[in-house]
Amino acid sequence: MIDLHCHSTVSDGALNPAEVVRLAHANGCTMLALTDHDHTGGIAEARSEAAKLGIRLINGVEISVTWRKGTIHVVGLDFDETDQPLQNLLAEVRQGRLNRLETIAAKLEKKGIVGAYEGALALAANKEMVSRTHVAEFLISSGHVKNKAQAFAKYLGDGKPCSVPHQWTDLASCVNAIKGAGGLAVIAHPMRYGFSATAKRNLFEEFKALGGDGIEVHSGTTDKNDRLNYALLAQRYGLLASCGSDFHRTGDYSGGILGACPELPEICKPVWECFKAV
Ligand code: AMP
Ligand code: MN
Ligand code: MN
Ligand code: MN
């Protein structure tokens with residue numbers, strides 16, 4: 001039972017790192033990567049809990065990347081989290097988040113919703129990693145929307161009235177930082193970007209040429225057919241296959257069960273076969 005993509009309160013998840021590890025373990029997980037957005041601050045706590053429970057903890061992070069004017073996510077796995085160039089890149093990627101929050105809050109204010117800046121920050125356990133999820137939670141708690149889906153559909157989703165285009169890092173810098181720290185770079189949830197077949201081909205070819213390692217063949221709630229499609233794409237572009245629940249909280253939009261991913265299609269070359277020996 002392997003899960004190489006999930007979140008804690010260090011980014012926009014609901015459980016703290018130790019709770020994430022405990023729930024994954026309770027769900028039968030034997031190998032887990034905690035992949036908070038743009039931050040590795042939860043790894044130490046997760047590792048010590050994993051050691052107590054006898055589950056293997058893989059260092060992880062989910063990095064926000066701007067590719068062709070849109071946002072994609074790249075998961076880094078099995079890297080040295082003390083690597084300074086990687087930490088510098090993560091700090092750089094996070095830097096813009098407060099400025100973006102200010103702009104989002106200003107746009108919400110024009111719609112008559114006040115206090116989003118302070119409101120979202122107050123809901124973020126880690127003030128270094130405030131995300132749109134925290135803004136969505138503020139919109140719910142202040143009674144402006146019923147749930148997160150509505151917050152993203154009405155205000156915060158890409159292209160919606162209060163969305164703010166944001167410049168993250170670029171794909172080459174991201175791959176270089178992960179590889180430089182001895183890790184493996186994996187494109188997160190490629191099925192969620194709404195890319196055409198051509199865009200996917202361009203992304204996978206470019207990623208591979210930059211030294212990228214793999215793609216998530218399973219994310220969240222893929223079905224067998226999705227997994228086979230992405231397994232074939234991984235095979236075509238010479239990429240390894242990863243899998244992750246993208247768990248944030250129970251009953252969330254990404255929907256995967258923490259710690260329990262379905263089996264990958266047989267043609268896959270699993271990314272974990274390339275992890276450093278323990
Ligand atoms: P950010 O990195 O701050 O732009 O926030 C993106 C995060 O918002 C994602 O990692 C998801 O956890 C969350 N998110 C994105 N779209 C939705 C949605 N439609 N419903 C709920 N959460 C979402
Ligand atoms: Mn998230
Ligand atoms: Mn993501
Ligand atoms: Mn994620």
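A word on ground rules. This is a predicted model, where local features need pLDDT of at least 70 and side-chain atom pairs count only at pLDDT 80 or more, while totals for chains, interfaces and linings use all residues. Residues are numbered from 1 along each chain as its sequence is written, chains are lettered from A and ligands numbered from 1 in the order in which they are written, and side-chain values use heavy atoms, with hydrogens and water left out.

Let's start with the manganese ions. A donor here is an N, O or S atom within 2.8 Å of the metal (3.2 Å for Na, K and Ca), and water is not among the atoms, so sites may look incomplete. The manganese ion (ligand 4) is held by His5 (NE2), His7 (NE2), Glu62 (OE) and Asp246 (OD), at 2.1 to 2.2 Å. Along the chain, the donors of ligand 4 read H-x1-H-x54-E-x183-D. Two of them tie distant parts of the chain together: His7 sits in the loop between strand S1 (2–3) and helix H1 (17–26), and Glu62 in strand S3 (residues 56–67), 55 residues apart. Helices (H or I, at least four residues) and strands (E, at least two) are DSSP runs, numbered from the N terminus. Is His7 buried or exposed? His7 counts as buried, at 0% relative accessibility, and Glu62 is buried with a relative accessible area of 0%. Buried means under 20% relative accessible area, exposed over 50%, and partly exposed in between (1.4 Å probe, protein chains only).

Glu62 turns up again at the manganese ion (ligand 3), which is coordinated by Glu62 (OE), His73 (ND1) and His189 (NE2), at 2.1 to 2.2 Å. His189 counts as buried, at 2% relative accessibility.

That leaves the manganese ion (ligand 2), with Asp12 (OD), His37 (NE2) and His248 (NE2) coordinating at 2.2 Å. Its donors are spaced D-x24-H-x210-H along the chain. The pair to look at joins His37, in the loop between strand S2 (31–34) and helix H2 (43–53), to His248, in the segment after strand S7 (240–244), 211 residues apart. Both histidines are tucked away: His37 is buried at a relative accessible area of 8%, and His248 is buried at 4%. How far apart do the ions sit? Ligand 4 and ligand 2 are 4.7 Å apart, and 5.6 Å separate ligand 3 from ligand 2.

Two strands pair if DSSP finds at least two bridges between them. Strand S4 (residues 70–77) runs antiparallel to S5 and is joined to S5 by four bridges, with Val74 partnered by Ile187. S5 also pairs with strand S6 (residues 214–219), this time in the parallel sense over two bridges, and Val186 stands opposite Gly214 in S6.

A cavity is a set of points on a 1 Å grid over the protein atoms alone where a 1.4 Å probe fits but cannot get out, and lining residues have an atom within 4 Å of a point. Grid points are joined across faces, edges and corners, and a volume is the space filled by probe spheres set on the points. Searching the whole structure turns up one cavity of 30 Å³ or more, and the largest cavity holds about 40 Å³. Its lining consists of Arg97, Arg100, Leu101, Ile104, Val130, Ser131, Arg132 and Val135. Helix H3 (84–110) and helix H5 (132–141) each supply at least two lining residues, with the largest share, four residues, coming from H3.

Finally, take a look at Lys160, in the loop between helix H6 (148–156) and helix H7 (171–180). Lys160 is partly exposed, with a relative accessible area of 35%.

Key
On a 1 Å grid over the protein atoms alone, a cavity is a set of points where a 1.4 Å probe fits but cannot get out, and a pocket is an open set with protein on both sides within 12 Å along at least five of seven lines; lining residues have an atom within 4 Å of a point.
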